[in-house]
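Take a look at the model below. The paragraphs after it go from confidence to overall fold, and then to side-chain pairs.

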Amino acid sequence: MIELLVEILYDQLRSLLTSMVALIDNQTHKIDSKIKVYKTTLGDFLVFLRRIASCPQIQTLMSSAKWTDLLVNIVQHDQKQGALVAIDDLRARLLALQLLTTVLQNCRPANHHKQVCIRPLLISFELAIVY
């Protein structure tokens, strides 16, 4: 039952990001207000996810590769190959980083996936400091 709920939440987050990409790609002055609404909605949804991630069972499910990859994608600001969207909203990026911190605490120290998540984040922070 909980697995299904977490899967629905993942699909909802991915759908929200995909909708943002479509709006940003077709950006006009009339759509600017919709983009602001999507950014606010994304931030609010990440707050909700962080809140429910306090449950150990949900934390375990959210520590899967697909969840952490999506959260790393939100935190990174570049438009690299295969990236879903470059989020320029600082609030959403910081909330995703907080959620990622909560989720990665559940991974075992020797977990290879945890190392795979941390490496791009460190590179992203290094690039942000340089610029």
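Helix H3 (residues 56-62) has the highest mean pLDDT, 91. Helix H6 (residues 112-130) has the lowest, 69. Over the protein, the mean pLDDT is 81. Of its residues, 76% reach 70 or more. Where pLDDT is low, the predicted coordinates should not be read in detail.

Now the fold. The protein has 6 helices and 0 strands. Its pattern along the sequence is α-α-α-α-α-α. How much of the contact set with a separation of 6 or more comes from residues 24 or more positions apart? The share is 68%. Of the 131 residues, 38% are buried. The exposed surface comes to about 8,200 Å². Carbon and sulfur atoms supply 58% of that area.

Next, the charged pairs. Side chains of opposite charge can pair when their charged atoms come close. The structure holds 2 salt bridges. One joins Lys-66 to Glu-7, with 2.4 Å from N to O. Lys-66 belongs to helix H4 (residues 65-75) and Glu-7 to helix H1 (residues 2-25), so this bridge ties together parts 59 residues apart in sequence. Are the two partners buried, partly exposed or exposed? Lys-66 has a relative accessibility of 32%, so it counts as partly exposed. Glu-7 is also at 32%, and it too is partly exposed.

Asp-44 and Arg-91 form a salt bridge as well, their closest N and O atoms lying 2.9 Å apart. This pair again links distant parts of the chain. Asp-44 sits in helix H2 (residues 32-52) and Arg-91 in helix H5 (residues 90-104), 47 residues apart. Asp-44 has a relative accessible area of 41%, which makes it partly exposed. Arg-91, at 37%, is partly exposed too.

The aromatic residues come next. A pair of aromatic rings is described by the distance of the centres and the angle of the planes. The whole structure contains 2 aromatic pairs. In one, the ring centres of Tyr-10 and Trp-67 are 5.4 Å apart. Their planes meet at 65°, so the pair is edge-to-face: the cut-off for that class is over 60 degrees. Tyr-10 lies in helix H1 and Trp-67 in helix H4, 57 residues apart. The pair therefore links distant parts of the chain, and WHY the angle class holds is set by the planes at 65°. Both Tyr-10 and Trp-67 are buried.Phe-45 and Phe-48 make up a tilted aromatic pair, with 6.2 Å from centre to centre and 35° between the planes. Both residues are in helix H2. They are 3 residues apart, so about one helical turn separates them. Phe-45 is at 15% relative accessibility and counts as buried. Phe-48 has a relative accessible area of 40% and is partly exposed.

Which ring does the charged end of Lys-66 sit over? The ring is that of Tyr-10, and the charged end lies 4.6 Å from its centre. Lys-66 also takes part in the salt bridge with Glu-7, and Tyr-10 pairs with Trp-67. Helix H1 holds Glu-7 and Tyr-10. Helix H4 holds Lys-66 and Trp-67.

Definitions and conventions:
Residues are numbered from 1 along each chain as its sequence is written. This is a predicted model: local features need pLDDT of at least 70, side-chain atom pairs count only at pLDDT 80 or more; totals for chains, interfaces and linings use all residues. Side-chain values use heavy atoms; hydrogens and water are left out. A salt bridge is a side-chain nitrogen of Lys or Arg within 4 Å of a carboxyl oxygen of Asp or Glu. Helices (H or I, at least four residues) and strands (E, at least two) are DSSP runs, numbered from the N terminus. Buried means under 20% relative accessible area, exposed over 50%, partly exposed in between (1.4 Å probe, protein chains only). Rings of Phe, Tyr and Trp (its six-membered ring) pair if their centres lie within 6.5 Å; planes under 30 degrees apart count as stacked, over 60 as edge-to-face and the rest as tilted. A charge sits over a ring if NZ of Lys or CZ of Arg is within 6 Å of the ring centre and within 35 degrees of the ring normal. Contact means heavy atoms within 4.5 Å. Accessible areas come from the Shrake-Rupley method with a 1.4 Å probe; for residues, only the protein chains shown count as cover. pLDDT is the predictor's confidence in each residue, from 0 to 100.
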